[in-house]
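This report goes through one protein chain, from its overall fold to selected side chains. The sequence and the structure come first.

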Amino acid sequence: MRKGPSAFNIASVVLGLAFLYAPIVILVVYSFNASRLVTVWGGFSTRWYVALFQDAQMLDAIWVTLRVGALSATLATVVAAFAAVALVRAGRFRGRTVLAGGIYATLVMPEVILGLSLLLLFVSVGLPRGFWTVTLSHATLTLAYATVVIQARLASFDRSLEEAAQDLGCPPWKAFALVTLPGIAPAVAAAWMLAFTLSLDDLVIASFASGPGATTLPMRLYSQVRLGVDPKINAVSTLLIGLVATGVIAAYLAQQHQRRRGAR
């Protein structure tokens, strides 16, 4: 009997990976293109990275995006941790279905509807649109994703370790902080990275919630692409790919280190 993958399986995998990653590879390659025309290769050059760091509006959009992403991811992760504890540890309490439904609603709700709902909320309470409305909107968007990640890890966590700490005289809150929280730390870090990445990628909700002085990078890129593809877009996109890839690798290495420590 023949062992190993068939030629059809190998070809399917190769074509699938090429379909997913070939556009990204082309974008990265053309970010070092000396020509202004994105379809003509003019030689290797870093001129567009230099031009990017001289573009004040683009740098301001990058700074706003990073601040919004970090703050919204942190807020979403903290709230998601409490929500996961309530859903996993609190049992069947009144309002649990409403809580779970409210959290997971954003997973299936179109972003246009969510963005419009948040816009109406900000207008009704008289909150001026700007940096903080975008931050709150992104935290709302990413909360459900962070909750799913943390809840899955918390549900499989061995609670006897926490109970052993309590038997030795540790208060419940301290046992959770010193035993459970370090044990689920890789999941919390993964939830934060996922929330941060989703915030970096969002365009629709930011378009509804943003105001003067709160233009995010996706909004800036979209406005420039409509007027023509600027090679600086390839450069900033390459930097974002590198940033996200570095974060994913760091989270993976941290998780592997945690597993090796647990095995010992």
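## Fold and basis of the model

The chain contains 12 helices and zero strands; both are DSSP runs numbered from the N terminus, with helices (H or I) of at least four residues and strands (E) of at least two. Read from the N terminus, the order of elements is α-α-α-α-α-α-α-α-α-α-α-α.

The model is predicted: local features need pLDDT of at least 70 and side-chain atom pairs count only at pLDDT 80 or more, while totals for chains, interfaces and linings use all residues. Residues are numbered from 1 along each chain as its sequence is written, and side-chain values use heavy atoms, with hydrogens and water left out.

## Overall dimensions and burial

Along the principal axes, the C-alpha atoms occupy a box of roughly 70 × 70 × 35 Å. The accessible surface of the chain is about 15,600 Å², and carbon and sulfur atoms make up 69% of that surface. Accessible areas come from the Shrake-Rupley method with a 1.4 Å probe, and for residues only the protein chains shown count as cover.

Of the 264 residues, 34% are buried. Buried stands for under 20% relative accessible area, exposed for over 50%, and partly exposed for values in between (1.4 Å probe, protein chains only). Among contacts with a separation of 6 or more, 70% join residues 24 or more positions apart; a contact means heavy atoms within 4.5 Å.

## Nonpolar cores

A nonpolar core is a set of buried Ala, Val, Leu, Ile, Met, Phe, Trp, Tyr and Cys residues joined through side-chain atoms within 4.5 Å. The largest one has 12 residues: Val-64, Val-68, Leu-114, Leu-118, Phe-122, Phe-131, Val-134, Leu-141, Ile-205, Ala-206, Ala-209 and Met-219. Two or more residues each come from α3, α5 (111–124), α6 (131–155) and α10 (204–209). A second, separate core has 11 residues, among them Trp-48, Tyr-49, Ala-61 and Leu-217.

Leu-118, a member of the largest core, contacts Ser-137, Thr-140 and Ile-205 when neighbours within four places in sequence are set aside. Thr-133 is located in helix α6 and is buried, at 0% relative accessibility. Beyond residues up to four places away in sequence, Thr-133 touches Phe-122, Leu-127, Pro-128 and Ala-209; Phe-122 and Ala-209 belong to the largest core.

## The salt bridge

How many salt bridges does a search of the whole structure find? There is one, formed by the side chains of Lys-232 and Asp-55 at 2.9 Å, N to O. Lys-232 sits in helix α12 (residues 231–263) and Asp-55 in the loop between α2 (47–52) and α3 (56–89), so that the pair links distant parts of the chain, 177 residues apart. The criterion is a side-chain nitrogen of Lys or Arg within 4 Å of a carboxyl oxygen of Asp or Glu.

Lys-232 is buried, with a relative accessible area of 14%. Asp-55 is also buried, at 14% relative accessibility. In general, side chains of opposite charge can pair when their charged atoms come close.

## Nonpolar surface patch

Val-13, Leu-17, Phe-19, Leu-20, Tyr-21, Ile-24, Val-25, Val-29, Trp-41, Phe-44 and Ile-241 make up a nonpolar surface patch with about 1,100 Å² of accessible area together. Patches take residues with over 30% relative accessible area and no salt bridge, joining like charges within 9 Å and nonpolar side chains (Val, Leu, Ile, Met, Phe, Trp, Tyr) within 5 Å.

Helix α1 (residues 7–30) supplies the largest share of the patch, eight residues. Ile-24 lies in helix α1 and is partly exposed, with a relative accessible area of 35%.

## Aromatic pairs

The structure has five aromatic pairs. Rings of Phe, Tyr and Trp (its six-membered ring) pair if their centres lie within 6.5 Å; planes under 30 degrees apart are stacked, over 60 edge-to-face, and the rest tilted. Phe-32 and Phe-44 are stacked, at 5.3 Å centre to centre with 10 degrees between the planes. Both Phe-32 and Phe-44 lie in the loop between α1 and α2, so the pair ties together parts 12 residues apart in sequence.

Phe-32 is partly exposed at 24% relative accessibility, whereas Phe-44 is exposed at 62%. Ring pairs join Phe-32, Phe-44 and Tyr-49 into a cluster.

## Leu-107 in helix α4

Leu-107 is part of helix α4 (residues 96–108) and is partly exposed, with a relative accessible area of 37%. Apart from neighbours within four places in sequence, Leu-107 contacts Ala-144, Tyr-145 and Val-148.
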